[in-house]
Structures are given as structure tokens and as C-alpha cells.
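Subject: Structure for your files

Hello,

Here is the structure I said I would hand over. My notes on it follow below the entry.

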Amino acid sequence: MTNVKLAVIYYSMGGTNYQLSKWAEEGAKEAGAEVKVLKVPELAPQSAIEGNPAWKAHVDATKDVPEVTLNDLEWADAIIFSVPTRFGNMPSQMKQFLDTTGGLWFNGKLVNKVVSAMTSAQNPHGGQEATILALYTTMYHWGAIVAAPGYTDPVTFAAGGNPYGTSVTVDQDGKMVENVEAAVKHQAKRTVNVAELVKKGNQ
């Protein structure tokens with residue numbers, strides 16, 4: 001198998017999207033990929049983080065996770081994004097990072113990257129689909145290839161049936177409502193498999 005290089009890029013406050021990213025890493029490694037799990041830089045003031053015990057605990061727990069750089073995007077054949085929804089859109093932290101990719105875009109360095117996305121919200125219809133689609137809009141400008149899970153495996157239905165990317169509902173206690181681990185791993189494997197096909201086609 002071609003050694004596909006996958007970057008899993010996430011933003012997380014309470015740990016949900018970090019957990020989704022770790023499951024994606026597991027699934028991708030099972031498919032033979034080389035994987036980096038990377039977080040986008042935090043923009044919130046330290047005072048806001050300190051005032052939220054769950055947020056602070058997550059920041060402390062993931063302090064050793066490297067922050068994503070533009071070099072990571074160049075390195076990757078495939079990219080999986082994982083973000084919570086913010087009013088049906090991606091968080092400003094992820095948008096800020098994507099807004100720095102203009103140089104890579106201008107020089108054609110993001111063309112044919114295989115991409116996929118996951119998200120979370122407090123309600124089943126709290127903007128999850130819109131968030132993933134909004135993120136994909138940027139990917140279309142890159143000339144990237146979106147590898148959505150669609151309904152390519154029954155695990156999608158068990159996870160809530162989102163064909164654009166795995167999404168999960170998180171209750172008031174920060175616990176995931178749906179069991180999405182298998183769906184995330186399937187999505188990661190599918191992303192790696194599509195990237196492998198693209199790599200072979202470009203050789």
C-alpha cells in the first residue's frame with residue numbers, strides 16, 4: 001500500500017473533537033497511513049480558559065499536542081478536520097488558520113489534497129451539517145477532493161446518518177450521545193483509501 005500521509009487537524013474546547021481526532025488516527029493507521037494529530041492555535045484569552053474548568057482541563061491535557069503549521073498541509077496527502085459547530089459554521093480558531101493558507105493556495109500546493117470533516121454540537125440539528133458544508137466550501141477553493149463518508153458503510157446510520165461527515169451530539173455533561181467511534185474510523189479509512197487512489201493516479 002502507498003504510504004498515505006494524513007493530517008488530522010482539530011479544534012476542541014471540552015475534548016470531544018480531540019477524541020474524534022484520536023479515533024480517526026486509529027482508523028487511518030489501521031489502513032496503513034502515517035498520521036499526525038494537530039491542533040489549531042487557540043485565540044481565546046487565557047482568562048476565558050481559566051474561568052471554565054472543563055476547558056482548562058482539556059487545554060492542560062493536550063498541551064503536548066503540536067500546533068498545525070502550513071508545512072503540515074504541504075506534507076499531507078489527506079486531511080481530516082474536526083471542529084465543533086459555532087452557529088452553523090466552524091469556530092474562529094479553525095477559520096483563522098485556514099485564512100493563512102493563501103500562499104499555499106496561490107502556488108497550487110493544496111490541489112488534490114483529499115479532505116474530510118467531522119463535527120459536534122449540543123443538539124442533533126444544532127448546525128452540524130452546515131458546519132461541515134461550510135468547511136468544505138474552503139476546500140473547493142483549494143481544489144481539494146472531498147471524501148465524504150456518504151452511506152458507504154452501515155456504521156454511518158448507527159452514528160446518526162450524516163453523509164457529509166461524522167457528527168455527534170454532546171449533552172450538558174460533555175458526554176457524546178451517539179456511538180460514533182466506528183463511523184469515525186470508517187471515515188478515516190475511506191479518506192486514506194481515496195488518497196491512495198489519487199496518489200497512484202499521479203505517479
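T16 sits in helix α1. The model is a predicted one, and everything below should be read with that in mind. With a relative accessibility of 11%, under the 20% cut-off, T16 counts as buried. Setting aside the neighbours within four places in sequence, the residues in contact with T16 are S120, V168, V170, G174 and M176.

Strand β1, residues 5-10, pairs with strand β2, residues 34-39, in the parallel sense, and the pairing runs over 6 bridges. As one example from the pairing, I9 has L38 in β2 as its bridge partner.

T16 comes up again at the largest pocket. This pocket holds about 450 Å³ of space. Its lining is made up of 20 residues, and those nearest the centre are M13, G14, T16, Q122 and V170. Helix α1, helix α3 (53-61) and strand β4 (114-121) are the elements that give two or more residues to that lining. Sorted by class, the pocket lining has 11 polar, 6 nonpolar and 3 charged residues. Two of the residues nearest the centre, T16 and V170, are also in contact with each other.

Searching the whole structure for cavities of 30 Å³ or more gives 1. The volume of the largest cavity is about 50 Å³. Which residues line the largest cavity? They are P149, T156, A159, G161, N162, G165, T166, S167 and A183. By class, 6 of the lining residues are polar and 3 are nonpolar, with no charged residues. The lining of the largest pocket, by comparison, includes 3 charged residues.

The last item concerns E196, in helix α9, which covers residues 181-202. Is E196 buried or exposed? Its relative accessibility is 10%, and since buried means under 20%, E196 counts as buried. In sequence, E196 lies 193 residues from N3, yet the C-alpha to C-alpha distance between E196 and N3 is 7.8 Å.

Regards

Notes. Residues numbered from 1 in each chain as written. Predicted model: local features only at pLDDT ≥ 70, side-chain atom pairs only at ≥ 80, totals over all residues. Heavy atoms only, no water. Pairing = 2+ DSSP bridges. Helix = DSSP H or I, 4+ residues; strand = E, 2+ residues; numbered from the N terminus. Buried < 20%, exposed > 50% of the residue type's maximum accessible area, 1.4 Å probe, protein only. Contact = heavy atoms within 4.5 Å. 1 Å grid on protein atoms, 1.4 Å probe; cavity = no way out; pocket = protein on both sides within 12 Å on 5 of 7 lines; lining within 4 Å. Points joined across faces, edges and corners; volume = space filled by probe spheres on them. Nonpolar A, V, L, I, M, F, W, Y, C, P; charged D, E, K, R; others polar.
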